[in-house]
Amino acid sequence: MTYLIEVKNLSKSFRSFEAVKDLSLHVEQGECLAILGPNGAGKTTTFEMLEGLLKPDSGEILLFGKTWDKDRSEILSRIGVQLQETSLYKRFTVRETLELFGSFYKQRKPIKELLELVDLSDKMDVELRKLSGGQKQRVYIAAALINDPELIFLDEPTTGLDPLARRGVWNIINNLKKEGVGILLSTHHMEEAEYLASRIVILDSGKIIAQGTSKELIEKFSGGEKVTVRHGTLEDVFLNLTGKELANV
Ligand SMILES: Nc1ncnc2c1ncn2[C@@H]1O[C@H](COP(=O)(O)OP(=O)(O)OP(=O)(O)O)[C@@H](O)[C@H]1O
Ligand SMILES: [Mg+2]
């Protein structure tokens with residue numbers, strides 16, 4: 001089987017600082033893989049290498065079994081990348097923004113359909129600067145979906161959102177999973193990884209320190225010998241592995 005993403009022994013340093021060290025992972029068809037890690041763990045660096053924006057120092061990246069070097073335009077047509085807020089022109093309306101992004105691709109999803117998916121049909125003609133943080137986040141996700149991609153990259157899609165807005169993004173991600181879209185997601189939130197992802201990779205200081213399903217991680221690392229009524233959680237896994245205080249995560 002060809003994986004959507006296959007990464008082998010990826011490393012990246014900024015001068016002498018090793019941001020990503022010997023990272024290997026894969027994402028299967030229609031799977032949501034979460035990369036869970038604190039600030040500075042190397043999540044965005046990893047995403048940018050996978051998205052073809054940053055050149056790794058060493059290692060191999062295959063998307064759909066293809067390489068950025070040989071198959072750049074094919075890969076670009078098959079992936080969706082969530083944008084950062086600063087990349088968008090705030091006086092464009094939602095519709096204009098999506099039309100602009102649609103113009104980059106031959107294959108486009110109808111804007112009406114996308115706005116229904118992200119629950120923004122009533123904001124089609126509103127300028128981005130007049131949207132709330134959660135609404136803007138949903139526009140960025142819609143923009144990542146304009147070319148009907150088979151794989152999308154969501155780097156911290158819920159950071160800064162209130163619990164309700166976060167739930168809205170979770171619903172969108174669950175709907176994408178149902179449609180068979182593969183998702184690479186990064187997050188600081190353990191419950192988000194647990195809720196959305198079929199497998200979780202825990203990254204700390206550029207290295208994978210654990211990976212598996214949330215059940216496997218909890219069984220292995222949450223401290224099985226504890227005699228408490230509380231069930232182990234992914235939070236326990238993370239704190240046991242990193243020795244970090246929750247306040248720093
Ligand atoms: N262009 C750069 N030049 C120098 N150092 C960098 C650069 N980009 C990232 N780093 C460093 O690499 C490390 C990993 O950064 P990265 O942005 O990948 O972390 P992250 O896991 O995405 O963190 P966050 O949760 O805060 O988004 C950090 O220590 C950061 O300072
Ligand atoms: Mg980041």
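**Conventions.** I note that this is a predicted model, in which local features need pLDDT of at least 70 and side-chain atom pairs count only at pLDDT 80 or more, while totals for chains, interfaces and linings use all residues. Residues are numbered from 1 along each chain as its sequence is written, and chains are lettered from A and ligands numbered from 1 in the order in which they are written.

**The sheet.** I then traced an open sheet of six strands, in the order β5-β6-β7-β3-β8-β9 and with mixed pairing; strands here are DSSP runs of E with at least two residues, helices are runs of H or I with at least four, and both are numbered from the N terminus. Two strands are taken as paired if DSSP finds at least two bridges between them. β5 (79–81) and β9 are the edge strands, each pairing on one side only. Neighbouring strands of this sheet are turned by 15° against each other on average, direction ignored, where the axes are lines fitted to C-alpha atoms (for helices over the stretch in contact) and angles run from 0 to 180 degrees between N-to-C directions.

**Strand β6.** I went back to the pairing of β5 with β6 (residues 151–155), where the two strands run parallel and are joined by three bridges, and where Gly-80 stands opposite Ile-152. With β7, strand β6 pairs in the parallel sense over five bridges, and the bridge partner of Phe-153 in β7 is Leu-184. I checked burial next, calling a residue buried if 20 or more other C-beta atoms lie within 10 Å of its own, exposed if 12 or fewer, and partly exposed in between, with C-beta atoms placed from the backbone. Five of the five residues of β6 are buried, so the strand is largely enclosed by the rest of the structure. Leu-151, Phe-153 and Asp-155 point one way from β6, Ile-152 and Leu-154 point the other way, and all are buried. I recall that side chains in a regular strand alternate between the two faces of the sheet.

**Strand β3.** How many of the five residues of strand β3 (residues 32–36) are buried? I found five of the five, so β3 too is largely enclosed by the rest of the structure. Both of its faces are covered, with Cys-32, Ala-34 and Leu-36 buried on one side and Leu-33 and Ile-35 buried on the other. β3 pairs in the parallel sense with β7 (residues 182–187) over five bridges, Ile-35 standing opposite Ser-186. With β8 (residues 199–204), β3 pairs in the parallel sense over four bridges, and there Leu-36 has Ile-202 as its bridge partner.

**Ligand 1.** I listed the residues around ligand 1, counting those whose C-beta atom, placed from the backbone, lies within 6 Å of it: Phe-14, Phe-17, Ala-19, Gly-37, Asn-39, Gly-40, Ala-41, Gly-42, Lys-43, Thr-44 and Thr-45. The elements giving two or more residues to this shell are β2 (17–27) and α1 (43–50), and the largest share, three residues, comes from α1. The shell divides into four nonpolar, six polar and one charged residue, with Ala, Val, Leu, Ile, Met, Phe, Trp, Tyr, Cys and Pro counted as nonpolar, Asp, Glu, Lys and Arg as charged, and the others, Gly among them, as polar.

**Helix α8.** Which residues of α8 (residues 214–221) are buried? I found Ser-214, Leu-217, Ile-218 and Phe-221. Seen down the axis of α8, they fall within an arc of 100°, so they line one face of the helix; the arc is that of the directions from the helix axis to the C-beta atoms. These buried residues pack against α7 (190–196), β8, β9 and α9 (234–242), contact requiring C-beta atoms, placed from the backbone, within 7 Å. Gly-223, with a positive phi near 90°, follows the helix.

**Leu-98.** I looked up Leu-98 in helix α3 (residues 94–102) and found it buried, with 25 other C-beta atoms within 10 Å. Not counting residues up to four places away in sequence, Leu-98 touches Ile-111, Leu-114, Ala-142, Ala-143 and Ile-146.

Asn-9 counts as exposed because it has 12 C-beta neighbours inside 10 Å.

Notes
Two residues are in contact if their C-beta atoms, placed from the backbone, lie within 7 Å.
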